[in-house]
Structures are given as structure tokens and as C-alpha cells.
Amino acid sequence: MEPRDLLIHVLRDQLRRTGSHIGCETSHCGACTVDFNGESVKSCTLFAVQAQDAEVMTVEGLATNGELHPLQQAFMDEHGLQCGYCTPGMLMRSYRLLQENPDPSESEIREGISGNLCRCTGYQNIVKSIQTAAAVINKSGRDEAKSA
Ligand code: FES
Ligand code: FES
């Protein structure tokens with residue numbers, strides 16, 4: 001690894017985590033968004049060396065034991081994607097958004113994903129997907145609390 005290597009390139013080319021996409025490489029599109037020490041970060045804006053000792057989660061980390069994360073399921077069910085190019089970044093951004101605000105309003109969702117661009121969907125179904133996922137996550141939390 002060279003000191004000039006960007007995080008997105010190391011993730012994709014060396015670690016083979018190819019779920020994160022490269023769109024603009026200029027921090028505009030959000031296709032490369034990953035979770036970095038509990039924050040959404042566009043991985044084309046960081047050098048890989050800056051990630052040393054950091055906790056980085058890519059879209060590959062969302063599913064558990066082969067089971068889709070509620071966000072992934074909701075994007076599928078609510079048609080939150082078309083070509084899918086923006087989707088890994090959208091999912092990772094939405095993941096952090098729901099961690100920070102488990103019950104966001106529509107405008108909070110729209111603002112939350114404003115750094116992620118989609119050329120296909122018109123955003124309507126992406127917002128719906130995030131709302132659906134939030135409801136599923138919140139309900140399962142309540143169910144778990146009830147059975148505890
Ligand atoms: S590829 Fe990183 S923001 Fe577009
Ligand atoms: S689904 Fe095609 S860019 Fe978003």
C-alpha cells in the first residue's frame with residue numbers, strides 16, 4: 001500500500017470489498033460511503049493510512065449470518081433501487097442515519113441522505129425504504145424488550 005492510496009481503492013482492490021462503489025472520486029456522489037468509527041465517510045476522501053486502527057464497515061458488513069439487514073430487505077421490497085450503483089452508499093448512509101436517529105421524519109431522511117446521489121429512482125422509494133426499515137427495526141426492538 002502506498003501512502004497516496006485512497007481508502008476506497010484499498011477496500012476494493014486490495015481487500016476485495018467491492019460492494020463500495022466508485023462514482024466521482026471527488027466526494028460528491030456518495031457511492032463510496034462506508035461507516036468509519038461510527039460516522040458516515042466518503043471513502044474516496046480519505047487516504048487508506050488514515051484508516052489504520054479505525055473501525056471500518058462496508059456494505060458487506062450489513063447482513064448477519066446470511067440474513068439481510070432490514071435496510072437491505074426494505075430497499076428490495078420497496079424498490080429503493082434501480083441500477084443499484086448508488087445503493088451500497090445509500091445503505092451505509094441510511095445505516096448510520098438510523099443509528100443516530102431511529103425514528104427520522106421524511107425531511108430528516110431526505111436531509112440525511114442529501115450527500116448521496118441517485119440518478120435513477122427520484123428518491124421517493126429510497127425514502128420509503130428507509131422509513132420501512134426504521135419501522136421494522138423499531139418494532140423488533142420493542143418485541144425483544146417485551147420478551148425479555
Ligand atoms: S466516489 Fe466517493 S463521493 Fe463519489
Ligand atoms: S439506483 Fe441507479 S443510481 Fe441509484
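Analyst: Please keep in mind throughout that this is a predicted model. We can begin at the surface, where Met 1, Phe 47 and Val 49 form a nonpolar patch with about 280 Å² of accessible area together.

User: How should I read a salt bridge, and how many does the structure hold?

Analyst: The general idea is that side chains of opposite charge can pair when their charged atoms come close. In this model there are four salt bridges, and one of them joins Arg 96 to Asp 35, with the closest N and O atoms 2.8 Å apart. This pair links distant parts of the chain, since Arg 96 belongs to helix α3 and Asp 35 to strand β1, 61 residues apart.

User: Which other salt bridges could I look at?

Analyst: Glu 106 forms one with Arg 110, the closest N and O atoms being 3.0 Å apart, and both residues lie in helix α4 (residues 106-112), four residues apart, about one turn of the helix. Glu 106 is partly exposed at 37% relative accessibility, and Arg 110 is partly exposed at 32%. Another salt bridge pairs Glu 2 with Arg 4, whose closest N and O atoms are 3.8 Å apart; here Glu 2 is partly exposed at 41%, whereas Arg 4 is exposed at 62%.

User: Which residues of helix α1 are buried, and what do they pack against?

Analyst: In helix α1 (residues 7-14) the buried residues are Leu 7, Ile 8, Val 10 and Leu 11, and they pack against β1 (33-36) and β3. The helix is followed by Arg 16, whose phi is positive, near 60°.

User: How many disulfides are there, and are Cys 83 and Cys 86 buried or exposed?

Analyst: A disulfide requires a pair of cysteine sulfur atoms within 2.5 Å, and by this rule the count is zero. Cys 83 is exposed, with a relative accessible area of 58%, whereas Cys 86 is buried at 12%.

Definitions and conventions
Residues are numbered from 1 along each chain as its sequence is written. Chains are lettered from A and ligands numbered from 1 in the order in which they are written. This is a predicted model: local features need pLDDT of at least 70, side-chain atom pairs count only at pLDDT 80 or more; totals for chains, interfaces and linings use all residues. Side-chain values use heavy atoms; hydrogens and water are left out. Patches are made of residues with over 30% relative accessible area and no salt bridge: like charges are joined within 9 Å, nonpolar side chains (Val, Leu, Ile, Met, Phe, Trp, Tyr) within 5 Å. Accessible areas come from the Shrake-Rupley method with a 1.4 Å probe; for residues, only the protein chains shown count as cover. A salt bridge is a side-chain nitrogen of Lys or Arg within 4 Å of a carboxyl oxygen of Asp or Glu. Buried means under 20% relative accessible area, exposed over 50%, partly exposed in between (1.4 Å probe, protein chains only). Helices (H or I, at least four residues) and strands (E, at least two) are DSSP runs, numbered from the N terminus. Contact means heavy atoms within 4.5 Å.
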